[in-house]
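Q: I'm new to reading protein models. Could you walk me through this one, feature by feature?

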Amino acid sequence: MAGAKILVVEDESSAAAYVVELLESLGYMDSSVVHSGEEAVRIAPKKRPDLALIDITLKGEMDGIETAKHIHDKLNIPIVYLANRANEDLLKRAGIIEPFGYVLKPVEERRLHLNIEIALYRHDTERRFREREQWLSTILRSIGDAVIAMNEGGLVTFMNPVAEILTGWRLEEVSGKYLAEIFNVVTEKTSVPIQQHVMDALHKGTIVGRTDRNTTLVSKVGRETPIDYNAAPLRDDQNNIAGVVLVFREITKRKRAEDKLKQTANTLRNQTQIMQSIFDSIGDGVVVANESGEFMLFNPNAERIIGISETDTSPDQWSEEYGFFSPDRITPFATEELPLVRAIKGEASDEVEMFVRNPKVPDGVYVSASARPLHEESGVTKGGVVVLRDITERKRAEEALAQAYSRGRLEVVDTILHNIGNAINSVTIGIGTVHGHLVRNKLMARLNALADAVQENRDDLANYIENDPQGKQVAPFISALAEDFTKQNEKLRKTVARVTDRVEHIADIVRMQKSLGRRNVDRKDINLREAIADATKVLQESLKKRDIEVHVDCENAPSEIRIQESQFHQMLVNLIKNAIEAIDELAESAGLTTTPSIKVRSFVQPGFLTIEVVDNGIGIERRKFKVIFGAGYTTKESGSGLGLHSIANFVIGSGGKIHPLSDGIGKGATMRVILPLSTITP
């Protein structure tokens, strides 16, 4: 625990300096050093250290053990000994104060750190569990190889595996039965039966049993095993007798049982401490109240999340006292709808979202609450428990994602409008061309002149064509005029075809965006190649203007995928648009030396679908591989910096990953999107 104050008691100055140096390197900056036991006893109450590190062979009027005893008795702080290879008598004497650890000299940093952390952790846990030690010590005094537990009515509630082996009964067979039905004991001295001992433990609260070697347990199948046993009462938090635990063991294995008892006791103690530590440090808040609304448990993280710990207020005041609001952060949360209040009434609730704001958390937090009623065996509700989870970051991330999504849609819409505008310009130019031909048509003037000449000579048209010098030009003139009309019509036909194509292109974009613009986040099966083609079509004008070649390769990919269509479409448009802009940037800065091209590849790797958009544009510096996906990052003066950010949000939200690849500036780039097949295959 960094920041803990350590008192070092070491009579060798060089050794003390070395230990302090190690402590400081480990983060224990507030350390004090004394060189005698007398000085340590005098200074310890003033310094109030969190732990004392004492040389066990301390020289002077007080050795290390006496010094440790004085400090431990007065301050009750953990002691860790610094020791050479001490003899057994010295270690036994040192064990009087139950030291929390030993560090052998020369001191090794890792072992010193481990012993200090274990000692501080153990001491802190013991302090918080001291009120439960009476109950725990009762179990530890009684526990052995085989354990049978009974409730206050004398009915069996628990049997460990060893007891099952010795008695021949399984727990599911004996649960709810009286002990006499399964625990058949015979003795040479039939003085007090075991049932009487159990009753004494249950009613008198005494620990009783037999330790002689004349007690034999007869198992279900008749196997006889010599045992000794004792029975002890189990007490609840109010020190009332709640049952009895019966512990018995094979006498022939007493030594092994004693060793195992010690190991089991330590394991039980450690597990209890660890579980309590987990409970106290778990990220979720846990609150328990009885049927009257009195708080029975309010863990530290519940107070951390909502700002206020348990109060004496009644349930009808909780909403106002703690500042519970609906997720809109304005409407007070109805008291009767609070998950814990509903749990006390016997109703369960799951993931109820609320907003909490009070003087302790003025900015407020979003919480998700799940509650369950607490029932007795009879089914009567005796209270409720609620688990609170801080979801503020998740809610803020959802809001940010929604904003990024909306902005990303605006950027796509801007691209669409730009391309529609280009297409409309093309239509306008084409129509202007047709109009110009129709208004200023020289061929029509020539045709009219011919018609006038023919009209003037209509009475003798044959003679005019055959003999008149101008009339003789009528036939060649008509042929030339027909040829010119044919050429003009071809030009007009091509212009009209181009206009028709542009109009159809505009209609396709509008029709596609109408279908994609619906707010439908349900996944649907879409054709991958058609989806890529649709995205390319949106950007067709930009691609054509720059003479960018587009190559699509989906040979090694599934023909259809199941995905959120509109967001997937926006991702493809943004990726291709980003590639176009990269090509533009290279053209403006250094010029293109190769034909501009964009390749869209899709292929399957084990468990994943990969989509790559490859361009021969400006490229990306390696140090910017991560920052380019941040909201607002852009290299363009007019850019919003939301294109790649919205892509990343969609990909990550779909359970995938996105990686930029580039050899550097001027060497092109690849945007690689990896999506799990399990979430996108039909």
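Q: How many bridges join E23 to E25, and do they run parallel or antiparallel?
A: Here's the general idea: strands of a sheet pair through backbone hydrogen bonds, either parallel or antiparallel. In this model, which is predicted, eight bridges join E23 to E25, and the two strands run antiparallel. To see one spot where they face each other, find aspartate 615, which stands opposite alanine 669 in E25.

Q: In what order do the strands of the open sheet come?
A: Walk across the sheet and note each strand as you reach it. Here you'd read E20-E22-E23-E25-E24, five strands with mixed pairing.

Q: Which are the edge strands?
A: Look for strands that pair on one side only: here those are E20 (549-556) and E24 (657-661). While you're looking, check the twist too, which averages 15° from one strand to the next.

Q: Which strands does H20 lie across?
A: For this, follow the helix and see what it touches. H20 lies across E22, E23 and E25, running at about 30° to E23. H18 lies across E20, E22 and E23, and it runs at about 170° to E20.

Q: How many residues does the largest nonpolar core have?
A: A core like this is made of buried nonpolar residues joined through their side chains. The largest one here has 42 residues, and Leu528, Ile563, Phe568, Met571, Ile598 and Val651 are those with the most contacts inside it. Several elements each supply at least two of its residues, including helix H18 (528-538), strand E22 (597-605) and helix H21 (643-653). The largest share, nine residues, comes from H20.

Q: Where does another core lie?
A: Apart from that one there's another core, of 27 residues, and among them are Ala289, Ile308, Leu340 and Ile344.

Q: What about the protein as a whole? How many helices and strands does it have?
A: Zoom out and you'll count 22 helices and 25 strands. Of its 682 residues, 43% count as buried. The protein exposes about 37,400 Å², with carbon and sulfur atoms supplying 52% of that. And for contacts between residues at least 6 apart in sequence, 62% join residues at least 24 apart.

Technical notes. Residues are numbered from 1 along each chain as its sequence is written. This is a predicted model: local features need pLDDT of at least 70, side-chain atom pairs count only at pLDDT 80 or more; totals for chains, interfaces and linings use all residues. Side-chain values use heavy atoms; hydrogens and water are left out. A nonpolar core is a set of buried Ala, Val, Leu, Ile, Met, Phe, Trp, Tyr and Cys residues joined through side-chain atoms within 4.5 Å. Buried means under 20% relative accessible area, exposed over 50%, partly exposed in between (1.4 Å probe, protein chains only). Helices (H or I, at least four residues) and strands (E, at least two) are DSSP runs, numbered from the N terminus. Two strands pair if DSSP finds at least two bridges between them. Axes are lines fitted to C-alpha atoms, for helices over the stretch in contact, and angles run from 0 to 180 degrees between N-to-C directions. Contact means heavy atoms within 4.5 Å. Accessible areas come from the Shrake-Rupley method with a 1.4 Å probe; for residues, only the protein chains shown count as cover.
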